[in-house]
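Open the model in your viewer and keep the selection tool ready.

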Amino acid sequence: MFELDEQTQMVATMVRQWCQTQLSPKIPALEAGTEQPFELMKKMAKSFGFDAMLGASVKKRIAKLRSGEADDGDRQLAKGVGSPMLMHVVVKELSRVSPGFAMGFGVSMGLVGGAIVAKGTADQIERWGMPLATLQQIGSWCLTEPAAGSDAFGSMRTVAKPNDAGGYVLKGSKTFITNGPGADVFLVYAKIDRGEPAEERGVATFIIERNMPGVTVGPPFKKMGMRDSPTSEVFFDDVHLGVEHLLGGKEKGRGGRTDTKDSLGNERSGIPAMAWGIIERCYDASLAYVRERQQFGRPIGAFQAVQLHIADLFLKLRTVESVVYRTAWMQQKGVRDMPFVNASKAMCAQYAVECAMKAIQIHGGYGYMEELGLEKLARDAKLLELGAGTTDINLLAAARELIGIE
């Protein structure tokens, strides 16, 4: 169980080399915002054949839907790249260099493309799911609003009003949207407004194209970290939508929240792999440094205080690695364990922050400098404690499900 197969090991080596030669040199420009990561994402997908592998899987999904066969869309997409562990390893390798790039890649292909492939109609998958899952297009996942963060459903103000033509008129705004500045497609969560009280409205998911009238994208935010992952607000001002833009082709009432929670679960399942990459890079750099750095006539690794720091990094690295292996096993077997997903997301995010800060401390002034890349990982790691639900929200969600509290 705790061993990568030959294919995954080979892909990990190739992705690490690609990151060193293609991604690392771009980091300064991506961080400064003078370049965008989207074309590089598409280039990466082609370099490793993800577009071909996932494209074949998506075509099978479309064929099954049109023949009337039902299957698990999430697992069907995962089969396109073999073991679920393979994509976790790809995210880990990307996160060693650029957690922001890994996040944008995962949101577009996994969250947006994956949701459409899993929940969409055959026509929707063919029109939007295929180009997103194969990274021919870039997607954004739009849930958070200016006044709706942790209380995503209760405070949601974006609404879709049914119109006389059998479609909807969408109005509202979303914020902190990953890939917003470069997205071709937005997957937008909104309440269906037929005049009933807000708390009684069902939630639906809509597929919105960037060039539709009424869609406006704000400028990229200036952020503490994840600067190589462009983030913005997105505004929807009376966007007219046909029913073909409603994910799945029909409303689900309050059951629509389940689809959103499924996507949140998928997002949270990806955080441990990002944390793994951050921690592994911090551990590798710190271990090499304490062996080489000399003070008081000997390597600093000879001092017990430093040894304790290395042991702590090592233990947290192996703990997060084990979480990723179990997550991949759950995905392979179709096991649902949301308390584990929520609690492990919270723990891995905290460990990533702690390990990045500890690596800087071990390196002293050198760790504080941009050139080593550790300060970037520390800035980037903080978002893992905030995005996909804060640490507290994830721990509370886990506890409530374990206890049986709604």
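Which residues does histidine 245 touch, not counting residues up to four places away in sequence? Select Gln124, Arg127, Trp128, Thr205, Phe206, Ile207 and Met212. Contact means heavy atoms within 4.5 Å.

This is a predicted model: local features need pLDDT of at least 70, side-chain atom pairs count only at pLDDT 80 or more, and totals for chains, interfaces and linings use all residues. Residues are numbered from 1 along each chain as its sequence is written, and side-chain values use heavy atoms, with hydrogens and water left out.

Stay with histidine 245. It lies in the loop between β7 (231–241) and α9 (256–292). Its relative accessibility is 4%, so histidine 245 counts as buried (under 20% relative accessible area; exposed is over 50%; 1.4 Å probe, protein chains only). Its side chain reaches the backbone oxygen of isoleucine 207 at 2.7 Å.

Next, select glutamate 93 in helix α6 (residues 84–97). Helices are DSSP runs of H or I, at least four residues; strands are runs of E, at least two; both are numbered from the N terminus. Glutamate 93 is buried too, at 3% relative accessibility. Leaving aside neighbours within four places in sequence, its contacts are Ala12, Val15, Arg16, Cys19 and Glu280.

Last stop: helix α14, residues 391–403. Colour Thr391, Asn394 and Ala398, which are buried. They sit on the same side of α14, because they cover an arc of only 75 degrees around the axis (taken from the directions from the helix axis to the C-beta atoms). The buried residues pack against α9 and α11 (338–363). Turn to the face away from them for exposed Asp392 and Ile403. Finish at glycine 404, which follows α14 and has a positive phi, near 100 degrees.

Notes:
A polar contact is a pair of N or O atoms within 3.5 Å; within protein, one must be able to donate a hydrogen and the other to accept it, and residues adjacent in sequence count only if both atoms are side-chain atoms. The expected span of a helix is 1.5 Å times one less than its number of residues.
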